[in-house]
Amino acid sequence: MTQRFRIHDPLLFGLAVVATILGLALIFDAGYVHSIQKGESGIPSEFKNQLIFIPIAATLSWFAARWPIEKWKKWSKLIWLVNLVLLVAVALIGHRLNGARRWLGFGALSIQPAEFAKLALVIYFAGCFADRKTWLQIYKDNKAKANLKNKLKRALPAVWVALAVVLIEIEPDLGTGAVVAATAFAMFYPGGVSVRSTLIALLIAVVGGAYAVYKQPYRLERFVDHPNRWAKENKDDSQFQTDQAEWTIAYGGWTGVGLGEGYAKQVLPETMTDFILATAAEETGLVGALFLLMLMGAIVMRLFMKAMASPDRFSMLILYGVACWLGVQTCVNVMMANALLPAIGIPFPFISYGGSSLVALWIAMGVCQSALAPRKIVEQPETAAESDRPKKKPSKKRREEAPVLVGTLRARGR
C-alpha cells in the first residue's frame, strides 16, 4: 500500500500527518474566540480554509512523490525561475492585506509565493551543488584559473537567492526572507562552498539585514525596545504581542490551564499563525509545548538521518535542505514566541494557519519521498582481468562506499 502511494518512508509521512492534525486542532482552539467576536458560528473561518487546503496539499504531495528525483534535478533551475517570476509579480500586481503586499490571486484562492520560495531554494541549490566541482578539479579538467570572472560565475546562484530575499523583504516579510537566507547558508556547507566565500556572503547578509531593519521604523522600534519590553511605555505598544506571548507561556506552567481555557487567544491578533505556540503552551503547559518541539525535532532528525544514507548528492542535498528549513523555521518561531527574539512573523511549520505554507510543506514532503525512492543499480559487466580478482566480502564493500553526505563533508574545498 505504501509503495502504491509512493510513501517510501512511512515514519516521516506519519510524523507529518500527526503534526498537520495537531495543527488543525490548535487552529480551531486558537481561533474560535475571534470567530465569536466577529459574529461567526464559532467555527473559525481559518479552520475551514485549512480544511480546504489539506486535500490540495495531499494531492500535490502525492504528485511530487511520484515524480522521479532525476526530473526534480533536471528542472531545478526552471522551478527557481518560476518562483522568482512569481515574487516579481507580487511586487508589481500582488494584492495588499493588513498593509503587506504578499499574495497573488483573490480571496481563498490567493497564494503566497514567498512560502514556496523556501522549497524552491532547496531544490535549486541542490541542483547547483549536486555536480559542482572544486577549483582543483576544474583546473585539472579545463585549465581554468580561479580568477574574478570565474568566481563571480560560480557565485551567481547566491546572487539569485539574494534577489529573492530582497523581493520577499520589500513585501514586507522580513521573517520569511530571513528563513530563506538561513536555509541557503545551511546548504553552503554540504554544497562545498569555501569558508572564505561563506564569510563574505555572511557579512553581506548581516549588513543587508541591518539595513532592512533600519529602513522600517516599526522594525527598528521592535528591535530597539525588545531588551526593555516590559517597560510601561513598551509593553502595551511595540512589544505587546511578545509580552503577552511570553506571559501566557509562563502562566501555563507544567501542565497548562486546560484546553479552551487560555487567555492568549483572547488578546493576541496573530494567535493562529505566528503565536500559535503561546496558546498551545498556555493550555497544555510545558509538557504540550515540548511534545510539539519533539515532534518537529523527530521530523528534522529523520530527514538528517536519511540524508546521511542517501545514495546520490542531489537527494542528499534535498533531504538536508528541507531538514535545515524546518529546523530553522521552528527554532525562530519558538524564540519569537518566548521573547528571545522580537516579533518578525514566522509561522510554526505544519501547526500555524496558512494555506500556502501547508501546501509548500507537503510538496516538500513529497519531494523527500521521491528522494527516498529505491534506485535501480545497474551493474557494469566485469572484464576478464576483474573476473580473476578475488571477490570482496559484502560487508567490506558496504564500508568502502561511504555515504554521500559524509564523503561530501570530507572532500570539501571550493
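Of the 414 residues in the chain, 46% are buried. The model is predicted, with a mean pLDDT of 84 over the chain and 84% of residues at 70 or more. The secondary structure comprises 20 helices and two strands. Among contacts with a sequence separation of 6 or more, 70% are between residues 24 or more positions apart.

In residues 377-388, the model has three contacts beyond four places in sequence. Residues 396-402 also stay under 50, and for this segment there is one such contact. Where pLDDT is low, the predicted coordinates should not be read in detail.

Helix 1 spans residues 10-37. Its 28 residues reach 41 Å from the first C-alpha to the last, which is close to the 40 Å expected at 1.5 Å a residue. After helix 1 comes glycine 39, which has a positive phi near 80°.

Threonine 20 lies in helix 1. Its relative accessibility is 9%, so it counts as buried, the cut-off being under 20%. Leaving aside residues up to four places away in sequence, threonine 20 touches Ile54, Phe350, Leu358 and Trp362. With tryptophan 362, the side chain of threonine 20 also makes a polar contact of 3.0 Å.

Helix 2 covers residues 45-66; its 22 residues reach 32 Å between the first and last C-alpha, close to the expected 32 Å at 1.5 Å a residue. The buried residues of this helix are Glu46, Phe47, Gln50, Phe53, Ala57, Ser61, Ala64 and Ala65. These buried positions pack against helix 1, helix 3 (69-74) and helix 17.

A pair of aromatic rings is described by the distance of the centres and the angle of the planes. The count of aromatic pairs in the model comes to 14. One of them is formed by phenylalanine 13 and tryptophan 362, with ring centres 5.9 Å apart and planes at 70°; the pair is edge-to-face because this angle is over 60 degrees. Phenylalanine 13 belongs to helix 1 and tryptophan 362 to helix 17 (residues 355-371), so that the pair links distant parts of the chain, 349 residues apart.

Elsewhere, ring pairs join Trp80, Tyr124, Phe125, Phe129, Phe185 and Phe188 into a cluster.

Conventions:
Residues are numbered from 1 along each chain as its sequence is written. Side-chain values use heavy atoms; hydrogens and water are left out. Helices (H or I, at least four residues) and strands (E, at least two) are DSSP runs, numbered from the N terminus. Buried means under 20% relative accessible area, exposed over 50%, partly exposed in between (1.4 Å probe, protein chains only). A polar contact is a pair of N or O atoms within 3.5 Å; within protein, one must be able to donate a hydrogen and the other to accept it, and residues adjacent in sequence count only if both atoms are side-chain atoms. Contact means heavy atoms within 4.5 Å. Rings of Phe, Tyr and Trp (its six-membered ring) pair if their centres lie within 6.5 Å; planes under 30 degrees apart count as stacked, over 60 as edge-to-face and the rest as tilted. pLDDT is the predictor's confidence in each residue, from 0 to 100. The expected span of a helix is 1.5 Å times one less than its number of residues.
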